[in-house]
Amino acid sequence: MTEWGIDLHMHTRCSDGCFSPSELVEQCARHGIYTMSITDHDTVAGLEEGIAAACRQGIALITGLELTAEFEGELHILGYGIDPS
């Protein structure tokens, strides 16, 4: 658990995480996270399910994405508040 109840960099099975979006939200609720962001690698596939689960759990979910880019090596760029559609 984070000391502040916020985690803005989490992945689901849609990229390289261990949980489905719903399971990840449930884990966050269980561990005192009240604000979260799903930032899967190069996909928004889990956001719709994650948003619905967050609504059911009373958790604020900030939409996000971790983009992979190339510039003198591989970069990972986090984007927040994106429109998943």
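How many bridges join β2 to strand β3 (residues 60-70)? There are 4 bridges between β2 and β3, and the two strands run parallel.

## Basis of the report

The structure is a predicted model, in which local features need pLDDT of at least 70 and side-chain atom pairs count only at pLDDT 80 or more, while totals for chains, interfaces and linings use all residues. Residues are numbered from 1 along each chain as its sequence is written, and side-chain values use heavy atoms, with hydrogens and water left out.

Helices and strands are taken from DSSP runs and numbered from the N terminus; a helix (H or I) has at least four residues and a strand (E) at least two. Two strands are said to pair if DSSP finds at least two bridges between them.

## The sheet

The sheet is open and consists of 4 strands in the order β1-β2-β3-β4, with mixed pairing. Because β1 and β4 stand at the edges with a single partner strand each, one side of each is left without a neighbour in the sheet. On average, neighbouring strands of this sheet are turned by 20 degrees against each other, direction ignored. Axes here are lines fitted to C-alpha atoms, for helices over the stretch in contact, and angles between N-to-C directions run from 0 to 180 degrees.

In general, strands of a sheet pair through backbone hydrogen bonds, either parallel or antiparallel. Strand β1 (residues 6-10) pairs with β2 in the parallel sense over 3 bridges, and methionine 10 stands opposite isoleucine 38 in β2. Between these two strands the chain passes through α1, and this β-α-β crossover is right-handed. The term right-handed means that, with the strands pointing away from the viewer, the path from the first strand over the helix to the second runs clockwise.

Opposite leucine 67 stands isoleucine 77 in β4, and opposite glycine 64 stands tyrosine 80 in β4. The hairpin of β3 and β4 has 3 residues between the strands, and glutamate 72 takes a positive phi near 50 degrees there.

## Helices and the covered strand

Helix α1 lies across β1, β2 and β3 and runs at about 155 degrees to β2. Helix α2 packs on the sheet and touches β2 and β3, its direction making about 155 degrees with that of β3. Contact means heavy atoms within 4.5 Å.

In a regular strand the side chains alternate between the two faces of the sheet. In β2 both faces are covered: Thr35 and Ser37 on one side, and Met36 and Ile38 on the other, are all buried. A residue is buried under 20% relative accessible area, exposed over 50%, and partly exposed in between (1.4 Å probe, protein chains only).

## The nonpolar core

In soluble globular proteins, nonpolar side chains tend to be buried together. A nonpolar core is a set of buried Ala, Val, Leu, Ile, Met, Phe, Trp, Tyr and Cys residues joined through side-chain atoms within 4.5 Å. The largest one here has 12 residues, among them Met10, Val25, Cys28, Ile38 and Ala54. Two or more residues of this core come from each of α1 (21-30), β2 (35-38) and α2 (47-57). Apart from neighbours within four places in sequence, alanine 54 is in contact with Val25, Ile59 and Leu61.

Glutamine 57 is also found in helix α2, where its 39% relative accessibility makes it partly exposed. Not counting residues up to four places away in sequence, glutamine 57 touches Val25, Glu26 and Ala29. Glutamine 57 and serine 22 are 35 residues apart in sequence and 9.8 Å apart in space, C-alpha to C-alpha.

## Cysteines

Cysteine 18 is exposed, with a relative accessible area of 63%, and cysteine 55 is exposed at 61% relative accessibility.
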